[in-house]
Amino acid sequence: MTMTFRQMLAQPWMPADYGKLQYMWLLSLGYLFWKFYYVAPGVLEAVLLALTIILFVPLYCASFWPRGWRVGVCVVVTCLIGAAWARFNPGAACFFIFACAMCARIPSAARAVGAMLAVIAGGALVAMLIPQMRMVFLMPILMAGVPVGLSCIMDARLRASRTLLMRKQEEVEHMARIAERERISRDLHDLLGHSLSMIALKAELARKLARRDLAACEREIADIETNAREALAEVRAAVTGYRHSGLVQALASARASLLAADVILDERIERIDLAPAAEHVVALAVREAVTNIVRHAGASHCTLSLVQVQQDGRAHAVLRVLDDGKLRSIDGLQHGNGLAGMRERVAALGGRLSLQAGAGLALELHVPAGASA
């Protein structure tokens with residue numbers, strides 16, 4: 001039983017995507033203690049209040065997990081707790097405000113608003129039954145319950161839309177990877193299939209001619225060498241095309257993601273000759289920055305530039321990504337989002353990566369330019 005209780009405590013009490021801020025709303029329970037600033041609580045009242053809080057905190061956390069009729073159960077039980085305390089403590093109005101917020105977990109927006117209005121009506125009915133504290137109990141429900149409930153409903157709709165957007169983006173990226181693999185497979189088959197078959201046939205012919213006609217054998221070997229060099233040139237040309245499409249594809253994906261997230265993009269992209277490793281790092285940086293903007297920053301505007309500058313007598317490609325999002329510190333960002341691995345890759349190229357948070361997040365990446373860098 002002890003291990004089971006420990007395992008229960010170790011489990012997350014709320015879904016991770018809601019963050020830790022939701023726990024802070026439990027401080028609103030302090031409104032229950034406002035009465036005791038004027039009147040000292042009795043022993044029985046103090047015990048019942050402690051039991052109420054012990055019951056409500058797990059109920060509040062559980063309301064973030066269920067869907068359908070279970071959300072209704074959490075809302076009704078919370079309202080009953082508030083109604084039970086209404087005659088003895090006007091601070092019990094906070095339970096109706098919590099119930100308004102819980103209505104946001106109802107999938108349908110119309111039903112969520114309807115449930116919130118029902119909670120407000122229930123709180124008003126309870127207030128009518130206690131004339132001596134009618135306005136003291138009713139005003140917090142009207143003044144806080146409606147805006148809190150509506151804001152939670154809008155946040156839930158926005159969260160659902162963002163989740164759907166991320167799923168669609170992942171599906172598009174997955175399909176793009178499959179299509180790219182198939183294209184590479186087809187291209188390599190077309191490039192090498194004929195050339196390698198020709199080389200194999202000429203090698204077999206040269207072996208047969210080696211003892212009979214040395215001159216003819218030498219011609220066949222020369223053809224083998226020519227065909228091998230042509231095949232190698234074709235493969236290099238194809239790989240160069242893939243390499244150039246890496247950054248191009250990353251930029252195209254960034255434009256599509258920002259457009260889908262209603263983020264305005266200002267871009268300035270110069271054509272720069274980059275080594276394969278450097279282009280790969282720049283493409284990863286673009287993807288990482290745009291993913292952060294779409295998923296975490298909550299930005300409405302993004303500036304993206306890739307230019308070539310001269311530093312210490314050498315050409316460098318400089319990538320800058322700036323957004324006007326909500327991020328005000330990079331402390332939490334330093335430990336995640338693949339930034340540690342990206343710093344290592346940039347350092348291995350002799351470049352540098354810097355992040356600054358202020359009015360948003362600014363990423364600046366410097367890597368050596370030039371195909372031989």
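Me: How many bridges join E1 to E2?

Reply: Six bridges join them, and the two strands run parallel. Strands pair if DSSP finds at least two bridges between them, so E1 and E2, with six, are paired. Ile264, for instance, stands opposite His301 in E2. A strand here is a DSSP run of E with at least two residues, a helice one of H or I with at least four, both numbered from the N terminus.

Me: Where should I be careful about the source?

Reply: This is a predicted model, so local features need pLDDT of at least 70 and side-chain atom pairs pLDDT 80 or more, while totals for chains, interfaces and linings use all residues. Residues are numbered from 1 along each chain as its sequence is written, and side-chain values use heavy atoms, without hydrogens and water.

Me: What makes strand E1 an edge strand?

Reply: The open sheet has five strands in the order E1-E2-E3-E5-E4, with mixed pairing. Strand E1 (264-269) and strand E4 (352-357) are its edge strands, as each pairs on one side only.

Me: Why is Ser305 called buried?

Reply: Buried means under 20% relative accessible area, exposed over 50%, and partly exposed in between (1.4 Å probe, protein chains only). Ser305 has 14% relative accessibility, so Ser305 counts as buried. Ser305 is found in strand E2 (residues 301-311).

Me: Which residues does Ser305 touch, leaving out those up to four places away in sequence?

Reply: Ser305 touches Arg268, Ile269, Val318, Leu319 and Arg320; contact means heavy atoms within 4.5 Å.
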